[in-house]
Structures are given as structure tokens and as C-alpha cells.
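Student: I have a model open and want to read it feature by feature. Where do we begin?

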Amino acid sequence: MTNNSRFVNLVISNIMKTIFPNKLKKGDKVRIVAPSNSLSLIAEEVRQIANERFQAMGLELSFGQQVEEVDEFDSSRIESRVNDLHEAFTDKSLKAIFTVIGGFNCNQLLRYLDWDLIKNNPKIFVGYSDTTALQNAIY
């Protein structure tokens, strides 16, 4: 079975069975990943404000290994972005995954994602703009 047929089968099966992860609470661990544009585009003062807001909510923040990687498209290699997503979904201690920012190229990841891994490790997945391609595929 090709990755595309697995994707279609997953979409169909998700229509039949929606999984809702638990709500976040103080003390929960969350991960920041960059499936589109790199964190390197975000100014240090903006990062500090974001980090403080996560802390104010009582959430423990961690970052994907490749969020700072940047290429000529202000993103990172497909392999790096897929690895960070897989690692985040695999990590049983994490309750949610947040994306850095939107962009234009997270659709490149769809054929490389392990849909069974994502399905078997439901988490809150937050992002906007380009991230909706991933959110719709995961849903």
C-alpha cells in the first residue's frame, strides 16, 4: 500500500471515528515544532513574550530539535520537520503540540508522515495558516 492510499484510508477512517485528546491543565508538557517556517524568523523579544505566556498558563515548554534550522525558503529540510513531528507525537509525556508560525510548505510533509503513529498518539495540535493542511489531514 502506498503512502497516498494510507493517507486516504486514514482520512476515511477518521471521518468514522474522531478522537478527542484531553484538555490542557497546569503542569502539562507541550512541544513547539516548525512544520512550515523556522523559529529563526521570530525575534528574540517575541519568543520571550510567548515563553512567558506559556509559563503563565502553567505549561512546561520544550522545542523540537530542528525548529531553528533554516534553508533558502525560511524553512528546514522535509526530513527534519517530519522527525520533529514524529518525535512530538511519540513522546508520551507531551499533551499538546504547537507550531511556530504558518508558511507555505507543510503540505510537503504529508506523504512522509507516519499516520498510524499520529493516530495512536492523539494530542492537541495547534497552529494556523499553512498548518491547517496538517490539521485537516490529521482530523
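Tutor: Begin with exposure. A residue is buried under 20% relative accessible area, exposed over 50%, and partly exposed in between. Keep in mind that this is a predicted model.

Student: Is Ser 129 buried, exposed or partly exposed?

Tutor: Ser 129 has a relative accessible area of 42%, so it is partly exposed. It sits in the loop between β4 (124-126) and α5.

Student: What stands out in the backbone of Ser 129?

Tutor: The general idea comes first. Most residues other than glycine have a negative phi. Ser 129 is not a glycine, yet its phi is positive, about 60 degrees.

Student: Where does Asp 74 lie, and what is its phi?

Tutor: Asp 74 belongs to the loop between β2 and α3. Its phi is near 60 degrees, again a positive value in a residue other than glycine. Its relative accessibility is 35%, so Asp 74 counts as partly exposed.

Student: Now the overall layout. How many helices and strands does the protein chain have?

Tutor: Five helices and four strands. From the N terminus the order is α-β-α-β-α-β-α-β-α. Of the 139 residues, 37% count as buried.

Student: How do I read contact separation along the protein chain?

Tutor: Take the contacts with a separation of 6 or more, then ask what part joins residues 24 or more positions apart. Here that part is 84%.

Student: Next, the nonpolar cores. Which residues of the largest one touch the most other members?

Tutor: A core is a set of buried nonpolar residues joined through side-chain atoms. The largest here has 17 residues, and Leu 85, Phe 89, Leu 109, Leu 113 and Leu 134 touch the most other members. At least two residues of this core come from each of α3 (78-90), β3, α4 (115-120) and α5. The most come from α3, with four residues.

Student: Which residues does Phe 89 touch, beyond four places away in sequence?

Tutor: Ile 97, Leu 117, Ile 118, Asn 121, Lys 123, Phe 125 and Ile 138. Apart from this core lies another, of 11 residues, including Val 30, Ala 34, Phe 98 and Val 100.

Student: Is Arg 31 buried or exposed?

Tutor: The cut-off for buried is under 20%. Arg 31 has a relative accessible area of 10%, so it is buried. It lies in strand β1 (residues 29-33).

Student: Which side chains make polar contacts with that of Arg 31?

Tutor: The side chain of Ser 62 does, at 2.7 Å. That of Asp 91 does too, at 3.2 Å. Beyond four places in sequence, the contacts of Arg 31 also include Glu 87, Leu 94 and Phe 98.

Student: What does Gln 135 touch beyond four places in sequence?

Tutor: Gln 135 is in helix α5 (residues 132-138). It touches Phe 125, Val 126 and Gly 127. Its side chain reaches the backbone oxygen of Gly 127 at 3.4 Å.

Student: Last, the second largest pocket. What lines it?

Tutor: For a pocket, read volume, then lining. The volume is about 290 Å³. The lining has 16 residues, with Ile 32, Ala 50, Phe 54, Thr 99 and Val 100 nearest the centre. They divide into 12 nonpolar, three polar and one charged. α2 gives the largest share of the lining, five residues.

Methods. Residues numbered from 1 in each chain as written. Predicted model: local features only at pLDDT ≥ 70, side-chain atom pairs only at ≥ 80, totals over all residues. Heavy atoms only, no water. 1 Å grid on protein atoms, 1.4 Å probe; cavity = no way out; pocket = protein on both sides within 12 Å on 5 of 7 lines; lining within 4 Å. Points joined across faces, edges and corners; volume = space filled by probe spheres on them. Nonpolar A, V, L, I, M, F, W, Y, C, P; charged D, E, K, R; others polar. Contact = heavy atoms within 4.5 Å. Polar contact = N/O pair within 3.5 Å; in protein donor to acceptor, adjacent residues only side chain to side chain. Core = buried A, V, L, I, M, F, W, Y, C linked by side-chain atoms within 4.5 Å. Buried < 20%, exposed > 50% of the residue type's maximum accessible area, 1.4 Å probe, protein only.
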